[in-house]
Amino acid sequence: MNLKSERRGIHVDQSELLCKKGCGYYGNPAWQGFCSKCWREEYHKARQKQIQEDWELAERLQREEEEAYASSQSSQGAQSLTFSKFEEKKTNEKTRKVTTVKKFFTASSRAGAKKALAGKLKELQEAKAPSPAIHRQASLETDRVSKEFIDFIRTYQKPGQDIYKQCKLFLDTMSHKRDLSIEEQSECAQDFYQNVADRLQTRWKVPPEKVEKAMDEVEKYIMTRQYKYVFCPETTDDEKKDLAVQKRIRALHWVTPQMLCVPVSEEIPEVSDMVVKAITDIIEMDSKRVPRDKLACITKCSKHIFNAIKITKNEPASADDFLPTLIYIVLKGNPPRLQSNIQYITRFCNPSRLMTGEDGYYFTNLCCAVAFIEKLDAQSLNLSQEDFDRFMSGQTSPKKQESDSFSPDVCLGVKQMCKSLDLLSQLNERQERIVSEAKKLEKDLIDWTDGITKEVEDIVEKYPLEIKAKSQALAAIDSENVENDKLPPPLQPQVYAG
């Protein structure tokens, strides 16, 4: 009982404060009267119940689909196979399937289990006509991954059976949840990873190192089959972001290692090879289907970068050297579908791998590099805004290395090429200045013409031009003489020779 309550005269029944489950600990109203331990147990039970209900729903939907297909086939071939016989055949197939799976995990039949299961899968594919949205023809890679997964779970005996069952149920459940958003599908995958890991640890008492290895194989098996549905789906703007990043990187093709303070000298042959390998690895990431394999490509790329820095500086690389070099590699390689790959890893990778270890560290640096590229400006490269805008517009490019600064072993052709490029750059700048001055002169002429026109209009408005009417012509002297027709003709001047 609370001492303050006792002093104030407030009597509290201690039985009301105890846990509802009767464990002897005090309960918490925020946990519906349970103690923290019992509340966690109740929450775990409710969660497991919900998962079991989802699995039962998936099995029921699958049975309904099979029955619908069986009904359609029975109506088409009723003359050769009745519905009762079809049901009997289906029951026999299910019985043989269970027997085959049980034999598969026994020690006596390990040698032929792989062949038997492959034959059984082929038989089931031929016996059932799968719907296009759920069961499509598996690619060679999917078949290879499935065989590797089966070979792996054979080593786990009964836990392997449980893993296989949960994976199949998860895939069946997800096939009926295609209309969910990609975030909701990601949440389902993360919950599935967590549930499988918890079952292996708590129910089957599998060691942590074997649990981690099993989760890697589960992720590989699941995501190889789900890849075409969840990578860059049409319901997201991942493709739009990919195009924006690619366009941005192409516009930044002029960025040099010196601008990013990259401590790597590509003049060293070994360093140049490391840079090429790093670019190859980061580009190869797009060809992988499994998030763990994509992370492995990022890790290999990062290790090549560290080796290149170490060879250049003759000392171990630091994190301050690594990030600028990674940014330079991304700019130089321009990996395809970069944002889609980052989002895919974030959504469907095993969280234990993504949040810990070197894979998670290198992936975080890649995300930082992409964010830096998207927001890169003149201040980030120590350039003036005018130069940055000219470089981005393609009007000019940074000056190349002077020929005098080349090492003696550089061939004459390279020196001449760089000198020619430098000369072209200077001519381009001169042409830009001439064009700028010509535009300025044109503008001045237009302004002068407009000014003169305005002055003339003002003068005309101030002193308007008045045009008087035409005056009447003077009449002839003798126009009033009526009898002018009787006058002699006018005298004509005559010239006499003297």
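What share of the 498 residues in the protein is buried? Buried residues, meaning those under 20% relative accessible area with a 1.4 Å probe and protein chains only as cover, make up 32% of the 498 residues.

This is a predicted model, in which local features need pLDDT of at least 70 and side-chain atom pairs count only at pLDDT 80 or more, while totals for chains, interfaces and linings use all residues. Residues are numbered from 1 along each chain as its sequence is written, and side-chain values use heavy atoms, with hydrogens and water left out.

The protein has 18 helices and zero strands, where helices (H or I, at least four residues) and strands (E, at least two) are DSSP runs numbered from the N terminus. Of the contacts (heavy atoms within 4.5 Å) between residues at least 6 apart in sequence, 69% join residues at least 24 apart.

Helix 18 spans residues 412-462 and holds L427. Because its relative accessibility is 41%, L427 counts as partly exposed, the class between 20% and 50%.

Confidence is given as pLDDT, the predictor's value for each residue from 0 to 100; the protein averages 79, and 73% of the residues score at least 70.

| Residues | pLDDT | Contacts beyond four places in sequence |
|---|---|---|
| 97-114 | under 50 | 19 contacts |
| 123-138 | under 50 | 19 contacts |

Where pLDDT is low, the predicted coordinates should not be read in detail.
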